[in-house]
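Please open the model in your viewer and keep the selection panel at hand. The tour below moves from one selection to the next and says what is to be found at each stop.

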Amino acid sequence: MTSCLKLEVQTEDQTPHKWCISLAEDEFKRLLSHGNPVVHKVFGEGSLFSPLLFGKFFDPSDAFPLWDFESDSLLSNLRSSGKSSVDWFQTDQAYVLKAELPAGVGKTNNVQIHVEKGKIVEIFGQLKLLQRESQKKDWRSCNWWEYGYVRRLELPEDADWRRIEAYLSIDAVLEIRIPRNLLHSDTSASGVGKNSE
(Lines give C-alpha, C1' and ligand atoms only; values in the text may rest on other atoms or scores of the structure.)
Protein backbone atom coordinates (compact mmCIF):
# COMPACT_ATOMS: atom_id res chain seq x y z
CA MET A 1 0.00 0.00 0.00
CA THR A 2 1.24 3.47 -0.88
CA SER A 3 1.86 5.76 2.08
CA CYS A 4 -0.32 8.86 2.35
CA LEU A 5 -0.08 12.19 4.07
CA LYS A 6 -3.22 13.64 5.62
CA LEU A 7 -3.93 17.18 4.38
CA GLU A 8 -5.58 19.84 6.48
CA VAL A 9 -9.10 20.70 5.34
CA GLN A 10 -9.79 24.34 6.14
CA THR A 11 -13.25 25.68 6.84
CA GLU A 12 -12.57 29.30 7.79
CA ASP A 13 -11.66 31.07 4.56
CA GLN A 14 -13.04 34.60 4.59
CA THR A 15 -11.31 35.79 1.42
CA PRO A 16 -13.60 38.32 -0.27
CA HIS A 17 -14.11 38.15 -4.03
CA LYS A 18 -12.21 34.92 -4.56
CA TRP A 19 -12.97 33.20 -7.87
CA CYS A 20 -15.01 36.26 -8.92
CA ILE A 21 -13.41 36.36 -12.38
CA SER A 22 -14.58 33.53 -14.61
CA LEU A 23 -12.34 31.68 -17.00
CA ALA A 24 -13.91 31.98 -20.45
CA GLU A 25 -13.31 29.43 -23.20
CA ASP A 26 -11.45 31.90 -25.46
CA GLU A 27 -9.20 32.95 -22.55
CA PHE A 28 -8.49 29.28 -21.83
CA LYS A 29 -7.47 28.69 -25.46
CA ARG A 30 -5.16 31.72 -25.25
CA LEU A 31 -3.62 30.35 -22.04
CA LEU A 32 -2.85 27.00 -23.66
CA SER A 33 -1.51 28.63 -26.84
CA HIS A 34 1.45 30.08 -24.90
CA GLY A 35 2.91 26.58 -24.84
CA ASN A 36 3.97 26.55 -21.17
CA PRO A 37 4.47 22.82 -20.34
CA VAL A 38 3.43 23.27 -16.68
CA VAL A 39 0.20 24.99 -17.70
CA HIS A 40 -0.50 22.17 -20.19
CA LYS A 41 -0.04 19.54 -17.47
CA VAL A 42 -2.23 21.36 -14.94
CA PHE A 43 -5.08 22.33 -17.30
CA GLY A 44 -4.60 19.64 -19.95
CA GLU A 45 -6.98 16.94 -21.04
CA GLY A 46 -7.93 14.56 -18.23
CA SER A 47 -6.61 16.73 -15.38
CA LEU A 48 -8.88 17.39 -12.40
CA PHE A 49 -8.35 21.12 -13.06
CA SER A 50 -9.10 21.07 -16.80
CA PRO A 51 -12.15 23.09 -17.89
CA LEU A 52 -12.77 20.30 -20.43
CA LEU A 53 -12.79 17.44 -17.89
CA PHE A 54 -16.54 16.85 -18.14
CA GLY A 55 -16.75 16.69 -21.94
CA LYS A 56 -17.52 20.33 -22.67
CA PHE A 57 -16.10 23.60 -21.37
CA PHE A 58 -16.94 24.28 -17.72
CA ASP A 59 -15.07 26.92 -15.69
CA PRO A 60 -13.41 25.02 -12.80
CA SER A 61 -14.00 28.00 -10.49
CA ASP A 62 -17.77 27.43 -10.83
CA ALA A 63 -19.10 24.80 -8.43
CA PHE A 64 -19.93 21.54 -10.23
CA PRO A 65 -22.46 19.00 -8.81
CA LEU A 66 -20.02 16.09 -9.25
CA TRP A 67 -21.92 13.44 -7.31
CA ASP A 68 -25.05 14.00 -9.41
CA PHE A 69 -23.24 12.11 -12.20
CA GLU A 70 -21.63 8.70 -12.63
CA SER A 71 -17.91 8.99 -13.36
CA ASP A 72 -18.05 6.15 -15.92
CA SER A 73 -20.54 8.01 -18.11
CA LEU A 74 -19.19 11.55 -17.68
CA LEU A 75 -15.56 10.53 -18.31
CA SER A 76 -16.15 7.72 -20.84
CA ASN A 77 -14.33 9.46 -23.73
CA LEU A 78 -11.28 10.30 -21.61
CA ARG A 79 -11.18 6.83 -20.06
CA SER A 80 -11.36 5.05 -23.40
CA SER A 81 -8.32 7.04 -24.57
CA GLY A 82 -6.50 6.54 -21.25
CA LYS A 83 -6.35 10.28 -20.58
CA SER A 84 -8.04 10.56 -17.20
CA SER A 85 -7.04 9.45 -13.75
CA VAL A 86 -10.00 11.10 -12.01
CA ASP A 87 -12.68 8.98 -10.34
CA TRP A 88 -15.51 9.54 -7.90
CA PHE A 89 -18.10 7.32 -6.31
CA GLN A 90 -20.33 7.04 -3.28
CA THR A 91 -20.83 4.34 -0.68
CA ASP A 92 -23.39 4.11 2.11
CA GLN A 93 -20.87 5.87 4.38
CA ALA A 94 -19.10 8.45 2.17
CA TYR A 95 -18.58 10.33 -1.08
CA VAL A 96 -15.08 9.76 -2.47
CA LEU A 97 -13.01 11.64 -5.05
CA LYS A 98 -9.67 10.28 -6.29
CA ALA A 99 -7.48 12.11 -8.75
CA GLU A 100 -3.90 11.81 -9.87
CA LEU A 101 -2.52 15.32 -9.68
CA PRO A 102 -0.43 16.69 -12.55
CA ALA A 103 3.36 16.81 -12.12
CA GLY A 104 4.34 19.84 -10.08
CA VAL A 105 0.92 20.13 -8.45
CA GLY A 106 1.07 17.04 -6.27
CA LYS A 107 3.13 18.53 -3.49
CA THR A 108 1.69 18.87 0.00
CA ASN A 109 2.50 22.56 0.34
CA ASN A 110 0.91 23.28 -3.03
CA VAL A 111 -2.55 21.70 -2.70
CA GLN A 112 -5.14 23.26 -0.41
CA ILE A 113 -8.59 21.98 0.47
CA HIS A 114 -11.26 24.38 1.74
CA VAL A 115 -14.92 23.94 2.52
CA GLU A 116 -16.94 27.04 1.71
CA LYS A 117 -20.02 27.62 3.87
CA GLY A 118 -20.55 23.86 4.23
CA LYS A 119 -21.76 23.69 0.62
CA ILE A 120 -18.68 23.63 -1.65
CA VAL A 121 -15.32 21.89 -1.45
CA GLU A 122 -12.46 23.73 -3.16
CA ILE A 123 -9.23 22.11 -4.29
CA PHE A 124 -6.69 24.73 -5.30
CA GLY A 125 -3.10 25.88 -5.23
CA GLN A 126 -0.54 28.13 -6.84
CA LEU A 127 1.81 27.26 -9.62
CA LYS A 128 5.32 27.43 -8.15
CA LEU A 129 6.84 29.38 -11.03
CA LEU A 130 4.34 32.23 -10.55
CA GLN A 131 4.17 32.54 -6.75
CA ARG A 132 6.51 35.53 -6.47
CA GLU A 133 4.45 37.58 -8.95
CA SER A 134 1.20 37.05 -7.07
CA GLN A 135 2.41 37.73 -3.51
CA LYS A 136 1.40 41.39 -3.70
CA LYS A 137 -2.28 40.54 -4.09
CA ASP A 138 -4.56 37.56 -3.54
CA TRP A 139 -4.23 35.67 -6.80
CA ARG A 140 -7.67 34.07 -6.32
CA SER A 141 -9.46 37.41 -6.79
CA CYS A 142 -7.96 38.26 -10.19
CA ASN A 143 -7.21 36.17 -13.30
CA TRP A 144 -6.52 33.16 -11.08
CA TRP A 145 -5.60 30.83 -13.98
CA GLU A 146 -2.47 32.91 -14.56
CA TYR A 147 -1.21 32.03 -11.06
CA GLY A 148 -2.80 28.76 -10.01
CA TYR A 149 -5.54 26.19 -10.39
CA VAL A 150 -8.88 25.34 -8.80
CA ARG A 151 -11.71 22.82 -8.91
CA ARG A 152 -14.86 23.66 -6.94
CA LEU A 153 -17.41 20.92 -6.26
CA GLU A 154 -20.89 21.16 -4.78
CA LEU A 155 -21.34 19.00 -1.72
CA PRO A 156 -24.37 16.69 -1.65
CA GLU A 157 -27.12 17.59 0.83
CA ASP A 158 -26.28 14.74 3.17
CA ALA A 159 -22.51 15.43 3.21
CA ASP A 160 -21.02 15.83 6.67
CA TRP A 161 -18.64 18.62 5.66
CA ARG A 162 -17.21 19.00 9.18
CA ARG A 163 -15.60 15.56 8.92
CA ILE A 164 -14.09 15.74 5.40
CA GLU A 165 -10.67 14.12 5.14
CA ALA A 166 -8.09 14.59 2.40
CA TYR A 167 -4.98 12.53 1.70
CA LEU A 168 -2.12 12.84 -0.75
CA SER A 169 -0.08 9.76 -1.63
CA ILE A 170 3.62 9.92 -2.47
CA ASP A 171 2.74 9.18 -6.09
CA ALA A 172 0.56 12.36 -6.15
CA VAL A 173 -2.90 10.80 -5.91
CA LEU A 174 -5.34 13.00 -4.02
CA GLU A 175 -8.19 11.31 -2.17
CA ILE A 176 -11.00 13.27 -0.57
CA ARG A 177 -13.46 11.38 1.64
CA ILE A 178 -16.68 13.16 2.57
CA PRO A 179 -18.68 11.23 5.17
CA ARG A 180 -22.40 11.06 4.72
CA ASN A 181 -24.55 12.40 7.51
CA LEU A 182 -26.37 9.18 8.29
CA LEU A 183 -28.93 11.00 10.45
CA HIS A 184 -29.86 13.19 7.44
CA SER A 185 -30.12 10.13 5.17
CA ASP A 186 -32.28 8.21 7.65
CA THR A 187 -34.65 11.14 8.13
CA SER A 188 -35.12 11.84 4.44
CA ALA A 189 -35.42 8.15 3.57
CA SER A 190 -38.13 7.51 6.13
CA GLY A 191 -40.04 10.68 5.32
CA VAL A 192 -39.71 11.89 8.88
CA GLY A 193 -39.14 15.63 9.06
CA LYS A 194 -39.51 18.51 11.45
CA ASN A 195 -43.06 19.21 10.29
CA SER A 196 -44.42 15.64 10.60
CA GLU A 197 -46.60 14.83 13.50
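Two strands are said to pair if DSSP finds at least two bridges between them, and the strands themselves (E, at least two residues), like the helices (H or I, at least four residues), are DSSP runs numbered from the N terminus. This is a predicted model, in which local features need pLDDT of at least 70 and side-chain atom pairs count only at pLDDT 80 or more, while totals for chains, interfaces and linings use all residues. Residues are numbered from 1 along each chain as its sequence is written, and side-chain values use heavy atoms, with hydrogens and water left out.

Begin by selecting strand 8 (residues 165–169) and strand 9 (residues 173–179). Strand 8 and strand 9 form a hairpin with three residues between them, and Ala 172 in the turn has a positive phi of about 65°. The two strands pair in the antiparallel sense over four bridges, with Leu 174 in strand 9 as the bridge partner of Leu 168.

Widening the selection brings up an open sheet of five strands in the order 1-8-9-4-3, with antiparallel pairing. Its edge strands, each pairing on one side only, are strand 1 (4–7) and strand 3 (86–90). Strand 1 pairs with strand 8 over four bridges, and Cys 4 has Ser 169 in strand 8 as its bridge partner.

Now colour by accessibility, where buried means under 20% relative accessible area, exposed over 50%, and partly exposed in between (1.4 Å probe, protein chains only). Five of the seven residues of strand 9 are buried. From there, turn to the largest nonpolar core, which has 49 residues; such a core is a set of buried Ala, Val, Leu, Ile, Met, Phe, Trp, Tyr and Cys residues joined through side-chain atoms within 4.5 Å. Those with the most contacts inside it include Leu 97, Ile 113 and Ile 176.

For the aromatic stop, rings of Phe, Tyr and Trp (its six-membered ring) pair if their centres lie within 6.5 Å, with planes under 30 degrees apart counted as stacked, over 60 as edge-to-face and the rest as tilted. By this rule the count comes to 14 aromatic pairs. Select Trp 19 and Trp 139, an edge-to-face pair with 5.7 Å from centre to centre and 80° between the planes. The pair links distant parts of the chain, 120 residues apart, and both Trp 19 and Trp 139 are buried.

Finally, look for salt bridges, each a side-chain nitrogen of Lys or Arg within 4 Å of a carboxyl oxygen of Asp or Glu; the count comes to eleven. Glu 116 forms one with Lys 18, the closest N and O atoms being 3.8 Å apart. Glu 116 lies in strand 5 (residues 112–116) and Lys 18 in the loop between strand 2 and helix 1, so the pair ties together parts that are 98 residues apart in sequence. Lys 18 is buried, with a relative accessible area of 13%, and a network of salt bridges links Lys 18, Glu 116, Glu 122 and Arg 152.
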